[in-house]
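I opened my notebook to look into a protein model and write down what I found. Here are my entries, in the order I made them.

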Amino acid sequence: MDVKERIVAELVAARDRSFGLTVGALEDPELTSQVSPLMSPLVWDLAHIGNYEEQWLLRAAAGAEAVRPDIDDIYDAFEHPRAERPSLPLLTPKESRAYVTTVRDRVIDSLEKVPLVGALAGDGFVYHMVIQHEHMHDETMLATHQLRKGAPALLDPPGQEPGTGEAVGAEVLVPGGPFLMGTSDDPWAYDNERPGHLVDVPSYYIDTTPVGNAAYAAFVEAGGYQDPRWWQPKGWEWRSTSGKEAPAFWFREGGQWMRRRLGRVEPVPMNEPVQHVCWYEADAYARWAGRRLPTEAEWEKAASWDPVAGRKRRLPWGDSGEADAHANLGQRRLHPSPLGSYPEGASAYGVRQLVGDVWEWTSTSFHGYPGFRSFPYKEYSEVFFGDDYKVLKGGSWATHPLSGRPTFRNWDYPIRRQIFSGFRCARDA
């Protein structure tokens with residue numbers, strides 16, 4: 001399969017997923033309503049995907065005439081915060097579906113004539129950017145499904161048994177030394193992953209798996225949410241103001257921890273990684289456990305550096321390989337896998353579940369790498385640089401494999417819990 005054939009296949013797969021989370025899953029009233037000020041109406045996400053694709057693949061890459069320039073402002077994520085989007089004159093679900101289909105048809109028709117050369121289209125970069133953008137919004141749509149009330153709209157895929165995972169050692173030692181952080185040559189990489197650069201990291205220990213629900217429940221039941229010793233001042237202020245006493249979507253019933261998952265109510269599976277915790281909660285747990293969150297460099301070194309070969313791997317287990325056998329990505333399950341799963345997906349240091357299952361908070365604030373250059377637009381990364389945002393790594397069960405690489409950088413406010421976020425701990429050697 002050549003580059004253009006793969007682009008078409010990935011475009012089709014992404015659109016099938018988007019429709020399956022919107023017009024294929026819910027009726028119009030739920031598509032146009034807002035479940036939380038933190039989220040857009042699902043129909044906004046759907047048409048925004050099409051508008052972004054129109055601007056980059058039709059107008060910029062193919063030089064084609066605009067399809068709907070009149071709606072550019074409505075679907076500009078920087079012009080309208082999520083809270084106000086329900087009040088905009090949005091396309092209806094039917095109109096949105098027709099619009100994104102028209103755009104997609106014209107993109108595929110134009111692809112044959114677009115040379116994959118130059119800064120924007122070389123190696124398919126702009127197509128890769130748009131495909132990943134659609135999958136990112138699909139993950140956002142899943143967060144909206146998690147927040148909505150009512151019966152489940154998404155069914156657990158058949159044949160996905162919970163599994164048990166394997167017993168593994170608690171932590172591994174990562175010897176000190178330099179490693180290559182980021183990338184300069186991955187055609188799927190965004191500007192904030194570039195350029196690749198050497199970082200010297202002192203020796204440290206890192207957890208073999210993410211922190212699990214059982215361990216986190218022990219923190220809760222030990223009074224962790226009532227003891228300011230474990231919390232940073234801003235974290236304690238958040239906890240006191242919000243009144244939170246457990247991860248999002250957890251509650252007690254008959255002495256048992258229960259959770260609400262995409263409309264289902266079920267016991268919290270104690271052998272899964274904890275998810276829906278914010279950075280402040282992760283940091284407080286780590287202090288209580290006598291540990292700390294890993295830095296972004298520590299996380300990425302554990303995930304991608306091969307100390308024997310002395311080079312970086314593109315994925316924890318190697319440079320290629322289907323994600324199905326190595327990680328829980330791409331919505332194949334609607335929840336994390338048990339701790340100790342996917343031994344074939346272990347990194348060179350033996351660390352497991354580094355990509356997939358849950359996004360992992362790091363202690364690092366979001367900044368550009370040395371030599372960073374904004375491309376192709378500063379609103380993707382640069383406007384978010386600063387200490388207000390913390391970096392998350394690895395992707396979740398809802399993240400598509402195309403973005404499930406160790407160099408990929410996600411970021412969010414330290415109070416965010418609706419995302420599929422967890423963490424693992426580290427300590428100095």
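**Entry 1: the second largest cavity**

I sorted the lining of the second largest cavity by class and got four nonpolar, four polar and two charged residues. For the classes, I took Ala, Val, Leu, Ile, Met, Phe, Trp, Tyr, Cys and Pro as nonpolar, Asp, Glu, Lys and Arg as charged, and the others, Gly among them, as polar. The residues on this lining are Leu-26, Glu-30, Ser-33, Gln-34, Val-35, Ser-40, Pro-41, Leu-42, Thr-144 and Arg-148. The space inside comes to about 50 Å³.

I noted the rule too: on a 1 Å grid over the protein atoms alone, a cavity is a set of points where a 1.4 Å probe fits but cannot get out, and lining residues have an atom within 4 Å of a point. Grid points are joined across faces, edges and corners, and a volume is the space filled by probe spheres set on the points. Rolling a probe the size of a water molecule over the atoms shows where empty space is left.

A reminder to myself: this is a predicted model, where local features need pLDDT of at least 70 and side-chain atom pairs count only at pLDDT 80 or more, while totals for chains, interfaces and linings use all residues. Residues are numbered from 1 along each chain as its sequence is written, and side-chain values use heavy atoms, with hydrogens and water left out.

**Entry 2: the largest cavity**

How many cavities of 30 Å³ or more are there? I counted two. The largest holds about 100 Å³ of space. It is lined by 16 residues, and the closest to its centre are Trp-250, Arg-259, Arg-260, Gln-275 and His-276. Strand β6 (residues 256-261) gives the largest share of this lining, three residues. Helices (H or I, at least four residues) and strands (E, at least two) are DSSP runs, numbered from the N terminus. By class, the lining of the largest cavity splits into nine nonpolar, four polar and three charged residues.

**Entry 3: rings that pair**

Next I looked for aromatic pairs: rings of Phe, Tyr and Trp (its six-membered ring) with centres within 6.5 Å, called stacked if the planes are under 30 degrees apart, edge-to-face if over 60 and tilted for the rest. The count is 34 aromatic pairs.

Why is the pair of Trp-44 and Tyr-75 tilted? Their ring centres are 6.0 Å apart and their planes meet at 35°, so the pair falls in the tilted class. Trp-44 belongs to helix α3 (residues 42-61) and Tyr-75 to the loop between α3 and α4 (93-111), so this pair links distant parts of the chain, 31 residues apart. Buried means under 20% relative accessible area, exposed over 50%, and partly exposed in between (1.4 Å probe, protein chains only). Trp-44 is buried at 0%, and Tyr-75 is buried at 1%.

Phe-366 and Trp-411 make a stacked pair, with 4.3 Å from centre to centre and 10° between the planes. Phe-366 is in strand β10 (residues 359-366) and Trp-411 in strand β12 (residues 410-412), so the pair ties together parts 45 residues apart in sequence. Phe-366 has 0% relative accessibility and is buried; Trp-411, at 13%, is buried too.

**Entry 4: charges over rings**

I also checked for a charge over a ring (NZ of Lys or CZ of Arg within 6 Å of the ring centre and within 35 degrees of the ring normal). Arg-97 has its charged end over the ring of Phe-19, 4.4 Å from the centre. The charged end of Arg-239 sits over the ring of Trp-236, 5.0 Å from its centre.

**Entry 5: the faces of α8**

Arg-239 came up again in helix α8 (residues 233-242), where Gly-235, Trp-238 and Arg-239 are buried. Seen down the axis of α8, its buried residues fall within an arc of 95°, so they line one face of the helix. That arc is taken from the directions from the helix axis to the C-beta atoms. On the face turned away from the buried side I found the exposed residues Pro-233, Lys-234, Glu-237 and Thr-241.

**Entry 6: backbone details**

Arg-194 to Pro-195 is a cis peptide bond, with omega near -10°. Phi of Asp-357 is near 70°, a positive value in a residue other than glycine. Is Asp-357 buried or exposed? At 0% relative accessibility, Asp-357 is buried.

How values were computed. On a 1 Å grid over the protein atoms alone, a cavity is a set of points where a 1.4 Å probe fits but cannot get out, and a pocket is an open set with protein on both sides within 12 Å along at least five of seven lines; lining residues have an atom within 4 Å of a point.
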